Amino acid sequence: MTQHPETGPAAPSIEQVRRQIARYGLSADPQAILVAARLMTAGARLGQAGEVHFGRFGLSTGRYRLLADLEDHGGEKSPSQLAATLGVSRATVTGLVDGLEREGLVVRRPSAEDGRGNVVILTARGADRLRELAPEHFARMQSLVGGLSVEERATFLDLLARIVAGVDALTED
């Protein structure tokens, strides 16, 4: 098996994990704990890098995801639909929409289906922002996984889906 450098200075080693498991008198699998810990470290680093990346375009990761979701769904969605699709709270969507609206990238309009609610609409300026950032964004995304072969990416997607299916283990009561 190929050895790879740690995912960063905060990523534990297998020896550290073994010591922690022994310290607490547990019978956990050190490799499983190491994989989970390194995945969490990589996720944090990826999140930080994503913010730097989208910051180049005057956006945050959340703002980009909201704009892209609107574009993918005909340019219009309710805040509750956006919250569900993005996996965030309505309050988070409100904050994202407030900022995007100030920049003229989205507008709120009364819903034609529900007169009490609003819909968020992608503006031409918002669509232009997505179009402008697309070449660099997709080139950088491709470079992110450029060290993986097509077969490795397919395996990674399968493994990632299985890990995501287990995420609730961290949050359930």
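**Reading a predicted fold**

Reader: Which residue in β3 stands opposite Arg 108?

Author: Val 120 in β3 stands opposite Arg 108. This is a predicted model: local features need pLDDT of at least 70, side-chain atom pairs count only at pLDDT 80 or more, and totals for chains, interfaces and linings use all residues. Residues are numbered from 1 along each chain as its sequence is written, and side-chain values use heavy atoms, with hydrogens and water left out.

Reader: How do strands make a sheet?

Author: Strands of a sheet pair through backbone hydrogen bonds, either parallel or antiparallel. Two strands count as paired if DSSP finds at least two bridges between them. Here three strands form an open, antiparallel sheet in the order β1-β3-β2. β1 and β2 are the edge strands, each pairing on one side only.

Reader: How many bridges join β2 and β3?

Author: Five bridges join β2 (residues 106-110) and β3. One of the pairs in β3 is Asn 118 with Pro 110. Two bridges link β1 (residues 76-77) to β3 (residues 118-122). On that side, Glu 76 has Ile 121 as its bridge partner.

Reader: What lies in the loop between β2 and β3?

Author: Ser 111 is found there. Ser 111 touches Gly 117, Asn 118 and Val 119, leaving aside residues up to four places away in sequence. Contact means heavy atoms within 4.5 Å. Ser 111 is buried, at 14% relative accessible area. Buried means under 20%, exposed over 50%, and partly exposed in between (1.4 Å probe, protein chains only).

Reader: How do I read the whole chain?

Author: Count the elements. Helices (H or I, at least four residues) and strands (E, at least two) are DSSP runs, numbered from the N terminus. The chain has eight helices and three strands. Their order from the N terminus is α-α-α-β-α-α-β-β-α-α-α. The radius of gyration is 20 Å, well over the 16 Å that the globule rule gives for 173 residues, so the chain is more spread out than a compact globule. That radius is taken over C-alpha atoms, and the rule is 2.2 Å times the number of residues to the power 0.38. The C-alpha trace spans about 60 × 40 × 25 Å along its principal axes. Buried residues make up 27% of the 173.

Reader: What about charges?

Author: Side chains of opposite charge can pair when their charged atoms come close. A salt bridge is a side-chain nitrogen of Lys or Arg within 4 Å of a carboxyl oxygen of Asp or Glu. The whole structure holds eight salt bridges.

Reader: Which residue does Arg 63 meet in a salt bridge?

Author: Arg 63 meets Glu 103, at 2.6 Å, N to O. Arg 63 lies in α3 (residues 61-72) and Glu 103 in the loop between α5 (90-102) and β2, so the pair ties together parts 40 residues apart in sequence. Another bridge joins Asp 69 and Lys 77, with closest N and O atoms 2.7 Å apart. Asp 69 is buried at 7%, and Lys 77 is buried at 8%.

Reader: Where is a nonpolar patch on the surface?

Author: Leu 148, Phe 156, Leu 160, Val 164 and Val 167 form one, with about 400 Å² of accessible area together. Such areas come from the Shrake-Rupley method with a 1.4 Å probe; for residues, only the protein chains shown count as cover. Patch residues have over 30% relative accessible area and no salt bridge: like charges are joined within 9 Å, nonpolar side chains (Val, Leu, Ile, Met, Phe, Trp, Tyr) within 5 Å. Leu 160 lies in helix α7 (residues 150-165). At 32% relative accessibility, Leu 160 is partly exposed.
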